[in-house]
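Good morning, colleagues. Please take a moment to look at the sequence and the structure as they come up on the screen.

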Amino acid sequence: MNAPRELAAAVLAGDRLALARAITLVESRRAADRPAAEALLADLLPHTGRSIRIGITGAPGVGKSTLIERLGLDLCAKGHRTAVFAVDPSSMRSGGSILGDKTRMVELSRHPQAFVRPQPGGDTLGGVAAHTREALLVGEAAGFDVVLVETIGTGQSETAVHGMVDAFLLLLSPAAGDELQGIKRGVMELADLVLVHKADGELATEAQRAAEQCRMGLHILHGAGSQVPPVLVASSRTGMGISELWTALRAWIENERASGRFAARRSGQQVAWLESALREQLVAAFFATAGHAAALAEARAEVQQGRLLPSAAARQLVARTFVAPTTTP
Ligand SMILES: Nc1nc2c(ncn2[C@@H]2O[C@H](COP(=O)(O)OP(=O)(O)OP(=O)(O)O)[C@@H](O)[C@H]2O)c(=O)[nH]1
Ligand SMILES: [Mg+2]
């Protein structure tokens, strides 16, 4: 059961225990697990890429998890199979997992057509993003046709999540005037769709006004003649606007497909993934090369004492790596 080939077959057959095991394997930070993880992924790769991948971001507490649960349950009712992942920089610091201890997706986690994966804590952002990308592929191979990735809109993890999804949804609270100032311009620029959330009770009319303000803001941001992200209004509490959100997401993706941007974005993401993996592995290979620790310590001392220019020291260390025979990590 543990051999990668058997594990892959079980994942493809829809075995949930195998799915959880396979994801644990690709998320493992043990170097010894990498060959098995890569063998598994190689077997699964032909069965990936067929889902719709949606990233969901927004300030803490804006209701991302609640929306995912609501949308996820709706999608399951429509016959879809929904997988949920998270990239959460705050859990990387605390070592905890936001989906683990604060989950509001209780119902979705229990749904037979859903799979909710808490993020493993204690990793770097780059590490988590790489693991989430691979976990997402395992989910697709297991037959999930909608993948939702939650991330907090604080400015660093969005780029990583944007790099692995087909559509990027930004959630705003109805207090949009303040919100727009709090959300970094860069995050606004990444958004493919914007949703003013919690449009219920006393906030219902405020939410409509916020959406209007947001539309104007986006027109200025993107400039005349360019594609401006649709702005929607919804409440996960009442369910208002949730099916419209799905319709808008589908329409947006269909439009991307028809224009060729969908395929271009995915292939661009593959190349970007290659480049970041290459950088990571080069650094790892550098530190794994015999004698480099000593050479680096020596260079550090030289640089500290001002005898050697840091850029020149780096160049010498790199030259040494490419002259000497290297080992792969
Ligand atoms: N009024 C109202 N409250 C909501 C709605 N959706 C979520 N909430 C509430 O907002 C709070 C935060 O919801 P979460 O779904 O945990 O928000 P989040 O964005 O995932 O939060 P983090 O993961 O901590 O960033 C909870 O108390 C929810 O009950 C909504 O549509 N309307
Ligand atoms: Mg959440």
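I begin with the largest cavity, where H8 and helix H14 (261–288) each supply at least two residues of the lining. Please bear in mind throughout that this is a predicted model. The residues lining this cavity are Arg53, Arg133, Leu136, Leu137, Gly163, Met164, Gln269, Gln270 and Trp273. Sorted by class, four of them are nonpolar, three polar and two charged. The space inside the largest cavity comes to about 80 Å³. In total, the count is two cavities of 30 Å³ or more.

I turn now to the open space. The largest pocket has a volume of about 1300 Å³. Which residues lie nearest its centre? They are Arg34, Glu134, Ala277, Glu280 and Gln281, out of a lining of 37 residues. At least two lining residues of this pocket come from each of H3, H8, helix H9 (157–162) and H14. H14 provides the largest share, with twelve residues. The classes in the pocket lining are 15 nonpolar, twelve polar and ten charged residues.

As for accessibility, Ser65 and Glu150 are both buried.

Finally, I come to helix H1, which spans residues 4–12. Its buried residues are Leu7, Ala8, Ala10 and Val11. Viewed down the axis of H1, these buried residues fall within an arc of 165 degrees, and therefore they line one face of the helix. Against what do the buried residues of H1 pack? Their partners are helix H2 (16–27), helix H3 (34–44) and helix H8 (125–141). Just after H1, Gly14 adopts a positive phi of about 90 degrees.

Thank you for your attention; I welcome your questions.

Technical notes. Residues are numbered from 1 along each chain as its sequence is written. Chains are lettered from A and ligands numbered from 1 in the order in which they are written. This is a predicted model: local features need pLDDT of at least 70, side-chain atom pairs count only at pLDDT 80 or more; totals for chains, interfaces and linings use all residues. Side-chain values use heavy atoms; hydrogens and water are left out. Buried means under 20% relative accessible area, exposed over 50%, partly exposed in between (1.4 Å probe, protein chains only). Helices (H or I, at least four residues) and strands (E, at least two) are DSSP runs, numbered from the N terminus. The arc is that of the directions from the helix axis to the C-beta atoms. Contact means heavy atoms within 4.5 Å. On a 1 Å grid over the protein atoms alone, a cavity is a set of points where a 1.4 Å probe fits but cannot get out, and a pocket is an open set with protein on both sides within 12 Å along at least five of seven lines; lining residues have an atom within 4 Å of a point. Grid points are joined across faces, edges and corners, and a volume is the space filled by probe spheres set on the points. Ala, Val, Leu, Ile, Met, Phe, Trp, Tyr, Cys and Pro count as nonpolar, Asp, Glu, Lys and Arg as charged, and the others, Gly among them, as polar.
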